[in-house]
Amino acid sequence: MPSYKAPLRDIQFVTNDLLNFSEHYKNLTTDVELDQQMQSAILEEAAKFSENVISPLNAVGDQHGCKWSADGVTTPPGFKAAYQQYCEGGWPSLAMPEQYGGQGLPESLNVMVSELVCSGSVAWSGYPGLREGAIKTLVSYGNENLKNTFLPNLVSGKWTGTMCLTESHCGTDLGQLKTKATPITDNEYSLSGTKIFISCGEHDMAENIVHIVLARLPDAPKGTAGISLFVVPKFLVNEDGSLGARNPVNCGSIEHKMGVHGFVTCVMNFDGAKGYLIGQPNKGLEAMFTFMNSARLTTALQGLVHSEVAYQGALPYAKERLAMRSLSGVKNPDGPADPIIVHPDVRRMLLTIKSFAEGFRAFAYYVAQQLDLSDHGQSEQQRSQAKNLLALLTPICKGFMTELGCEAAHHGVQVFGGHGYIKEWGMEQNQRDSRISTLYEGTTGIQALDLIGRKVLGSKGALLTNFSDIILAFCKSQESNPQMAEFIEPLKQSTIDWLNLANKIGKSATTDADELGAASVDFLMFSGYTILAYFWARMASVSLHKLESTTDDRDFYNSKINTARFYFQRILPRTATLKLTIQSGAQNLMAMDSEHF
Ligand SMILES: Cc1cc2nc3c(=O)[nH]c(=O)nc-3n(C[C@H](O)[C@H](O)[C@H](O)COP(=O)(O)OP(=O)(O)OC[C@H]3O[C@@H](n4cnc5c(N)ncnc54)[C@H](O)[C@@H]3O)c2cc1C
């Protein structure tokens with residue numbers, strides 16, 4: 001079983017050399033001062049916690065899973081104690097509002113800590129993770145009473161949170177949901193209905209669970225225009241803040257699933273459970289988007305995590321495992337065979353995983369900077385620019401990074417040969433655990449529709465042009481550098497193709513709306529490959545500069561340039577196929593009647 005080692009050197013490269021976080025922090029309007037040194041110290045502590053406390057629980061969680069009985073859900077051995085330690089260390093409140101007991105540090109720092117914690121165990125990290133979306137929703141839409149009642153204990157981690165959207169007949173199409181909310185008094189409602197697939201719906205890790213629930217009021221219009229949002233605690237809260245009566249919201253059973261066994265997935269029955277309205281009646285879906293966008297970015301990080309875990313497992317194995325001789329001559333004459341890392345195909349897999357993991361880190365941390373700026377940018381113009389970038393990048397980050405995270409996990413197994421299929425090496429768990437990431441928080445198909453429909457065409461191309469201008473400005477700034485030409489030419493071409501494809505899809509959708517859906521996932525993947533090329537080109541540029549200006553760490557910077565080259569020559573060309581499939585249109589998908597499939 002591989003033990004996780006936090007990639008602090010790479011994180012330092014992205015935060016210091018690539019994205020200049022110390023300057024970024026100075027530009028925020030937050031009161032809390034944070035510099036590079038403090039950031040490093042916090043990340044080192046988070047790394048220790050993840051390596052020593054969380055990572056050892058990863059296989060335990062997979063093997064034991066969660067157990068359900070009439071008394072509730074028991075999490076795997078060690079999960080609860082680790083959660084207590086996590087709370088005692090102050091980790092839950094890191095980037096939370098000071099007004100409710102948080103430390104007020106930037107959200108980007110929380111993203112970095114989340115990467116480390118999630119890499120230790122994706123399953124464990126879900127419990128504190130969902131709480132964050134509940135907090136953000138209450139901060140944005142809750143009234144003062146709800147905020148004061150629920151936020152302090154959610155912020156400290158004493159209570160955890162859930163998001164209750166899905167019902168057995170609808171997950172994507174929430175307009176169909178049936179859970180009812182009947183008014184009891186002006187601000188109290190009685191909720192009845194059944195939700196399924198509710199992550200962390202019931203468990204033994206915290207004393208109370210705060211459910212954020214979508215339901216319909218009695219007079220609500222049909223469809224998404226008639227959905228309201230409620231907060232429904234497992235235990236009601238007395239006026240003095242102490243826990244009151246048990247609310248009738250109970251776990252009816254738990255799912256037996258492919259992966260993330262330590263992360264409980266519950267059927268939740270609301271039998272007249274008391275709840276409180278969040279925001280305006282019938283505007284619940286809008287408020288829920290705060291939760292969903294937060295959860296989408298957390299899920300996107302899982303793509304990075306599964307790639308990093310696959311790389312950390314596969315690389316040492318490829319150096320040690322002996323099989324056959326190198327095609328270009330013996331490399332290990334004293335041994336019975338050469339290590340498999342000499343074989344081009346094994347290198348192809350390792351470099352694919354590496355280019356995803358390191359590229360995703362750059363992409364995710366850039367998005368994390370936009371999260372900071374959208375709330376704490378110096379000017380309205382800076383804040384709205386960050387919001388525009390987030391609107392475009394969130395579905396790409398979620399859809400693209402999780403799809404490729406699954407691919408990376410698959411290569412992780414493959415590098416091990418048959419041993420990858422065996423539990424002891426952890427690679428098959430990584431692959432099983434990765435699979436959910438493309439499904440929950442909106443499937444890849446739904447992220448793709450959001451991207452092309454709402455974000456790109458919905459803004460008449462403005463959101464896309466806004467970001468492509470940033471890429472093209474970077475290309476221009478590198479024009480005079482011949483060492484960068486191998487990256488800049490294809491990046492520029494891919495960006496222009498990206499704009500043209502969006503234009504073409506928009507035009508064909510005016511005559512046939514299915515053209516939009518037919519192109520959507522390929523367009524999302526095209527977008528992701530182009531964006532990753534932008535970050536790899538930037539990483540190459542920084543590394544070339546470092547090689548000229550310092551004698552330190554030459555291997556590290558050369559490795560970055562080699563990986564950038566690999567990405568541009570072997571991964572970015574996938575866009576050529578995507579361009580063709582996008583241009584092939586909807587007919588090849590829609591020509592057959594459903595009954596003739
Ligand atoms: C382990 C796990 C944890 C989960 N945690 C939570 C949770 O905490 N809270 C919660 O509320 N839910 C949760 N879910 C539910 C999850 O978010 C849904 O399963 C997911 O959103 C998909 O919904 P569905 O399963 O109903 O699939 P469907 O909506 O039935 O979709 C089936 C397929 O059709 C596609 N599809 C549907 N509509 C369209 C369209 N218009 N265009 C193109 N393709 C379309 C989808 O992409 C998918 O491939 C969880 C699920 C799992 C398995």
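A: We begin with a definition: contact means heavy atoms within 4.5 Å. This is a predicted model, in which local features need pLDDT of at least 70 and side-chain atom pairs count only at pLDDT 80 or more, whereas totals for chains, interfaces and linings use all residues. Residues are numbered from 1 along each chain as its sequence is written, and side-chain values use heavy atoms, with hydrogens and water left out.

Q: Which residues does Gln302 touch, not counting residues up to four places away in sequence?

A: Gln302 touches Cys118, Val122, Ser437 and Tyr440. Helices (H or I, at least four residues) and strands (E, at least two) are DSSP runs, numbered from the N terminus; Gln302 lies in helix H9.

Q: Is Gln302 buried or exposed?

A: Buried means under 20% relative accessible area, exposed over 50%, and partly exposed in between, with a 1.4 Å probe and protein chains only. Gln302 has a relative accessible area of 8%, and is therefore buried.

Q: How many residues of helix H12 are buried?

A: In helix H12 (residues 427–434), 7 of the 8 residues are buried. Among them are Met427, Glu428 and Arg432. The buried residues of H12 pack against helix H4 (57–64), helix H9 (284–320) and helix H11 (380–415).

Q: How many residues has the largest nonpolar core?

A: A nonpolar core is a set of buried Ala, Val, Leu, Ile, Met, Phe, Trp, Tyr and Cys residues joined through side-chain atoms within 4.5 Å. The largest one here has 187 residues, and Phe523 is one of those with the most contacts inside it. Helix H16 (residues 514–549) provides the largest share of this core, 18 residues. Beyond its neighbours within four places in sequence, Phe523 is in contact with residues including Leu451, Trp498 and Ile582.

Q: Which residues come nearest to the ligand?

A: A residue is near a molecule or strand if one of its heavy atoms lies within 4 Å of it. There are 18 residues around the ligand, and Thr166, Thr172, Phe197, Ser199 and Thr443 come nearest.
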